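Student: Hi! Could you walk me through how this model is packed inside?

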Amino acid sequence: FAEYVAVSPISDDDESCCVCDDDEVDAIRCRQLREAKEHFNRQLREAKEFHFNRQLREVKELIRRYKPGDWVEGVGGAKAGHFLLPEITTLLLVGPRGSGKSTLVNRITRVFDKDDDPFAPDRAQVSCNSTSNRTIFLHEYPIPRNSSAICIYDTCGWSNDPKKNFKMLHQWMTKGISHGETIMWDNDEGNKTGGIKPLGRQYSFLRYITRKVNFVIFVVDGVAVLESIDSNNKGYTEILHQTFMYPFLSIGDDKPVVVVTHGDRLSIQQCAHVQNELTELLNIPAQQIYAIPGVVDSLLM
């Protein structure tokens, strides 16, 4: 960068003057400076992209090799054999309706699936809105595909009744979760989902393995948080606070990680405002909150 903008100093004792027109000199210097900035920014972007891609490859390889207990081995002299390890590490996504849980599943799985098949379809069905076509069955997604070490669970959105939410979370966190489990609320559309429960009872002999939840990811719609702040309608943020503070949602003393979605619809200032609001609302450090942009090609890893 300095090579483009460096200008030789002019001595005060040098009485010679430049015969060039000042406006012409300024124009040349401005063009050189502009070209230098463009060159520097291009190199900076390329360096960041190279660094990001290298880190992404390293993380993906680490996850592909992962087995439960790997990341505690050798920490403080600990050994994997000192712990009761799960057969598979289970991540549970929870959040209000339309918060972007299924979209987040697709973001995570796409990081690995596209390596094997560039045209691989998204695994989770994304709802068009928060009141129809939403997740009704619990879905287990191995990461990577066919992995026996890590899985992530996509869950239904919350009920309008906090007590029902607490009951559901308590069951998941104490008794475990299983693929295909049906979750429906009284306010679900009967004409579309009325036959699902009887169908589930009819085929109740089809049992899936019950997984113990090892980590919880708390998914929040950043736009809804901002609207709740601006309108002074605290309904959305209040249910976030109540649910996040529910004791059974924590693993020991560890509160869930918070992921803020729909960041593509917010400015940088608005994203910062949402993060500050969640930091105070949920009483967690900013480092525990991750914002996921809405750009299709952006990856959270």
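Tutor: Happy to; we'll take the nonpolar cores and then a pair of helices. This is a predicted model, where local features need pLDDT of at least 70, side-chain atom pairs count only at pLDDT 80 or more, and totals for chains, interfaces and linings use all residues. Residues are numbered from 1 along each chain as its sequence is written, and side-chain values use heavy atoms, leaving out hydrogens and water.

Student: How many residues does the largest nonpolar core have?

Tutor: It has 38 residues, and Val94, Trp172, Phe218, Leu240, Val258 and Leu278 have the most contacts inside it. Such a core joins buried Ala, Val, Leu, Ile, Met, Phe, Trp, Tyr and Cys residues through side-chain atoms within 4.5 Å, buried being under 20% relative accessible area with a 1.4 Å probe, protein chains only.

Student: Which helix gives the largest share?

Tutor: Helix 7, with five residues. Helices here are DSSP runs of H or I, at least four residues, numbered from the N terminus.

Student: And what does Phe218 touch?

Tutor: Its partners include Val94, Trp158, Leu240, Phe244 and Val258, not counting residues up to four places away in sequence; contact means heavy atoms within 4.5 Å.

Student: New topic: at what angle do helix 8 and helix 9 cross?

Tutor: Roughly 45°, with their axes (lines fitted to C-alpha atoms over the stretch in contact, angles running from 0 to 180 degrees between N-to-C directions) coming within 10 Å.

Student: Which residues make that contact?

Tutor: Helix 8 brings Thr237, Leu240, His241 and Phe244, while helix 9 brings Leu278, Leu281 and Leu282.

Note on methods. Buried < 20%, exposed > 50% of the residue type's maximum accessible area, 1.4 Å probe, protein only. Helix = DSSP H or I, 4+ residues; strand = E, 2+ residues; numbered from the N terminus.
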